[in-house]
Amino acid sequence: MKEHFFSTLFLVSGLAVFCWDQYRLAAARYELAALQRASRRDPLTGLANRTGLADAWDQLAPLRPWVVLVDLDGFKPVNDTHGHAAGDHVLTTVAQRLRSVHGIAARLGGDEFAALLLDPNPAAAARQLAAAIATPVRLPSGIAVSVTASIGLAPAHPAGLAAALGDADAAMYRAKSTRTGVAAFDPIRDDHTTADPRPALRVRDLTPTLGVGR
């Protein structure tokens, strides 16, 4: 009887240790997954960051999404006049409006956003997004401020996300310089070799992060 008792106790103890080890392993895996998810998210807005956008591209590339690049106009005066907390509030509000797109939205940094758009009419979707962004934002202080957006659109590029972002960036710069708000990439008007050097520089900035072939 005593031997049976100790044998049972040994088995129960071993099972408890096994269960505890499995629990710790599961907890570690969950924490690792959470860290991996966090590494793909912008900490301020909760949108995807550059890494998250690249991961989304890997999943959505077969659907040939349109690439959207959004640059806010009038954000710096808000930030300078009302402070960084107000600027952060504007950025998080814009991020909420970006979540309305049919696709994946991301913040690339500063006041620049991007999206992979799965929409049968990307130009119309971009115009709707521009109108949504232009809606005044009420700060916690009660003051209403406004920013607008210059938006560039580009179709999926066979060379990958960085190339498509480069096209969208060139279109965005044309939208900003002509104050049209939204522009779709035109290989004639938005030739990277003859356009203003700013888009080319931005493409070089994007390429090491995202990878040319992704």
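Two strands are taken to pair if DSSP finds at least two bridges between them. Helices (H or I, at least four residues) and strands (E, at least two) are DSSP runs, numbered from the N terminus. The structure is a predicted model, in which local features need pLDDT of at least 70 and side-chain atom pairs count only at pLDDT 80 or more, while totals for chains, interfaces and linings use all residues. Residues are numbered from 1 along each chain as its sequence is written, and side-chain values use heavy atoms, with hydrogens and water left out.

Strand 3 (residues 112-117) has an antiparallel partner in strand 1 (residues 66-73), with six bridges between them. Along this pairing, V67 stands opposite L116 and V68 opposite A115. Strand 2 (residues 103-109) also pairs with strand 3 in the antiparallel sense, again over six bridges, and here G109 faces E112. Two residues lie between the strands of this hairpin, where G110 takes a positive phi near 60°.

In a regular strand the side chains alternate between the two faces of the sheet. On one side of strand 3 are E112, A114 and L116, on the other F113, A115 and L117, and all of them are buried (under 20% relative accessible area; exposed is over 50%, partly exposed in between, with a 1.4 Å probe and protein chains only). Because six of its six residues are buried, strand 3 is largely enclosed by the rest of the structure.

D73 belongs to strand 1 and is partly exposed, with a relative accessible area of 22%. Not counting residues up to four places away in sequence, D73 touches V147, T148, A149, S150 and K176, contact meaning heavy atoms within 4.5 Å. D73 and S150 are 77 residues apart in sequence, yet 6.9 Å apart in space, C-alpha to C-alpha. The side chains of D73 and K176 make a polar contact (2.2 Å), that is, a pair of N or O atoms within 3.5 Å; within protein, one must be able to donate a hydrogen and the other to accept it, and residues adjacent in sequence count only if both atoms are side-chain atoms.
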